[in-house]
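Take a look at the chain below.

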Amino acid sequence: MFAFIKYLRLVMTLKQLEAFYWAATCTNFAIAAQRLNLSISSLSKRVAELEISLGTTLFDRSGHRAILTQAGQDLLARSIHLLDLAANIKRSMTKASGLSGYCAFGVGELSAMTWLPSLVASARRHHPNLHLDPCVDVGATLEDRLNHGELDFAIIAGRSSRHGIMSQPFVEAEFVWMAASSLAGDDSTCAALLKRGVPLIALPPLAGTTQLIDDWLNVNQITHVERISCNNWSAIVGMLTLSVGVGIVPSGWAERLADKGVLRRLADKNLLAPLAYSFQWRRDDTRPLVKEMRELVRITADFLQAVSFA
């Protein structure tokens, strides 16, 4: 019996490889354990068992955080291939049930208020055994969490500049300048109002729309504005309707808000450029989960869908 137990400990398992993969690709063991719904001690045990079965050290634990050894780096590429193969075998044998497990992903508030509910509903229909955990935040924060291994993918404005993150553009959002009628008058432009000292109401600096606005200000030679930052689109529209300032609004919402007489579109000659959004995922993540969800996002994302306040 003792010999059999010893033999089992020497056998490399997929669960051990999975624990190693997440430990190797996440910022720390705590995040890796969370991704696998394990305690840190359980994750560490699986990694230690894998090291015993392979007869080599995969992590250098002498410093503040565990770092891959050369053997660990060599195993990482091979483990990705083995885990992909195992996932494909499982899917081919259980096609009817679709994906399973846990999927954490990030979107901005604009996505959350338009097409995110449709994405979740579609994913539930196609993959009823997949547990979805969406996170709503600004793009820079989502990119950091993706890079640290906390998210499987994120939908973020623009492309990532990080080598370890892949970006695939798939949809654009268009914006227009708007203000309350009492502030705008019949033919006011946003440029004129801003030069007059009217505040600019916008998302925080780390949001994807910031560069869009800054480029427009540069084209219009506006060097200084009073900014009121708010991380909630509903609050921004609310402040615009109360004549607090001017701001950009997604074009689909702008039409409905203008039709209701809530806000007026400003008649600027220089239009805002479209803002491209991309599906971002880690370069080394080749799991079927990423491919399947990327396709669902591609066919679901639509910034013209109705929102609660429009």
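## An enclosed strand

How many of the eight residues of strand 12 are buried? Seven of them are, so strand 12 is largely enclosed by the rest of the structure. Keep in mind that this is a predicted model.

## Partners on the sheet

Strand 12 covers residues 275-282. It pairs with strand 6 (residues 165-173) through eight bridges, and the two run antiparallel. In one of these pairings, Ala173 has Leu275 of strand 12 as its bridge partner.

Strand 5 (residues 153-157) also runs antiparallel to strand 12, joined to it by four bridges. Here Ala154 stands opposite Gln280.

## Gln280, a buried polar side chain

Gln280 belongs to strand 12. Is it buried or exposed? Its relative accessibility is 0%, so Gln280 counts as buried. The cut-off for buried is under 20%.

A polar atom of the Gln280 side chain lies 3.3 Å from the backbone oxygen of Gly158. Leaving aside neighbours within four places in sequence, Gln280 is in contact with residues including Glu143, Phe153, Ala154, Gly158, Arg159 and Ser167.

## Tyr277 and the cores

Which residues touch the most other members of the largest nonpolar core? They are Phe175, Tyr277 and Met293, in a core of 67 residues. Residues up to four places away in sequence aside, Tyr277 touches Leu110, Ile155, Phe170, Val171, Phe175 and Phe303, among others. Another core, of 23 residues, lies apart from the largest one. Among its members are Ala19, Ala24, Cys26 and Leu50.

Conventions:
Residues numbered from 1 in each chain as written. Predicted model: local features only at pLDDT ≥ 70, side-chain atom pairs only at ≥ 80, totals over all residues. Heavy atoms only, no water. Buried < 20%, exposed > 50% of the residue type's maximum accessible area, 1.4 Å probe, protein only. Polar contact = N/O pair within 3.5 Å; in protein donor to acceptor, adjacent residues only side chain to side chain. Contact = heavy atoms within 4.5 Å. Core = buried A, V, L, I, M, F, W, Y, C linked by side-chain atoms within 4.5 Å. Pairing = 2+ DSSP bridges.
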